[in-house]
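Visitor: I would like to learn how to read a structure like this one. Could you take me through it step by step?

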Amino acid sequence: MRRVNIALAAFAVVILCSFALTSQAQSPKMVLSQAKDFPGGLKRGPVTFTHDQHTEKYKLECTSCHHKYDPKQPGKNLWEMGDETSCAACHGGAKPTAKLNLQDAFHKECISCHQAPKGKLGNGPRSCAGCHEVK
């Protein structure tokens with residue numbers, strides 16, 4: 001009876017760990033569409049962002065977009081894997097706590113690569129409708 005209980009407990013731990021690990025994984029596609037996070041609502045359609053395409057095809061590091069800055073060390077990115085939080089946590093809502101609101105933060109990050117000289121990244125869409133779904 002004791003062996004059965006130990007086996008069941010071990011099985012339960014394996015199942016719980018597998019769910020915990022998958023919940024930490026980044027979603028392969030992320031739809032940016034929460035109107036409440038954008039000042040004045042959404043003027044264009046939502047954007048579908050693909051993590052795999054940006055990290056595997058274009059070889060971007062996570063810290064290219066993800067960041068956590070220490071106010072005592074301006075510009076120094078302290079973000080590490082596991083520090084996940086939504087962009088809207090700081091950049092979104094009616095009163096964002098970051099310097100850039102959510103729309104400006106996304107545009108600054110995305111457009112800097114999309115409008116870079118053709119070459120290294122292959123460039124993504126360059127027009128608004130190339131990323132935003134047409135309403």
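Visitor: In what order do the elements of the chain run from the N terminus on?

Guide: Helices (H or I, at least four residues) and strands (E, at least two) are DSSP runs, numbered from the N terminus. Here the order is α-β-β-α-α-α-α, with 5 helices and 2 strands in the chain. This is a predicted model, where local features need pLDDT of at least 70, side-chain atom pairs count only at pLDDT 80 or more, and totals for chains, interfaces and linings use all residues. Residues are numbered from 1 along each chain as its sequence is written, and side-chain values use heavy atoms, with hydrogens and water left out.

Visitor: What share of the chain counts as buried?

Guide: Buried means under 20% relative accessible area, exposed over 50%, and partly exposed in between (1.4 Å probe, protein chains only). Of the 135 residues, 16% count as buried.

Visitor: Which residues of H4 are buried, and what do they pack against?

Guide: They are Leu102, Ala105, Phe106 and His114. Contact means heavy atoms within 4.5 Å. The partners of these buried residues are strand E1 (29-32) and the helices H2 (51-57), H3 (88-91) and H5 (128-131).

Visitor: What happens at the start of H4?

Guide: A polar contact is a pair of N or O atoms within 3.5 Å; within protein, one must be able to donate a hydrogen and the other to accept it, and residues adjacent in sequence count only if both atoms are side-chain atoms. There, a side-chain oxygen of Asn101 comes to within 3.1 Å of the backbone nitrogen of Gln103.

Visitor: And where is His132 found?

Guide: His132 lies in the segment after H5. Its side chain reaches the backbone oxygen of Gly45 at 2.7 Å. Beyond neighbours within four places in sequence, His132 is in contact with Arg44, Gly45, Pro46, Val47 and His107.

Visitor: How many disulfides are there?

Guide: A disulfide is a pair of cysteine sulfur atoms within 2.5 Å, and the count comes to 0. Cys62 is in none; the nearest cysteine sulfur, that of Cys65, is 8.9 Å away.
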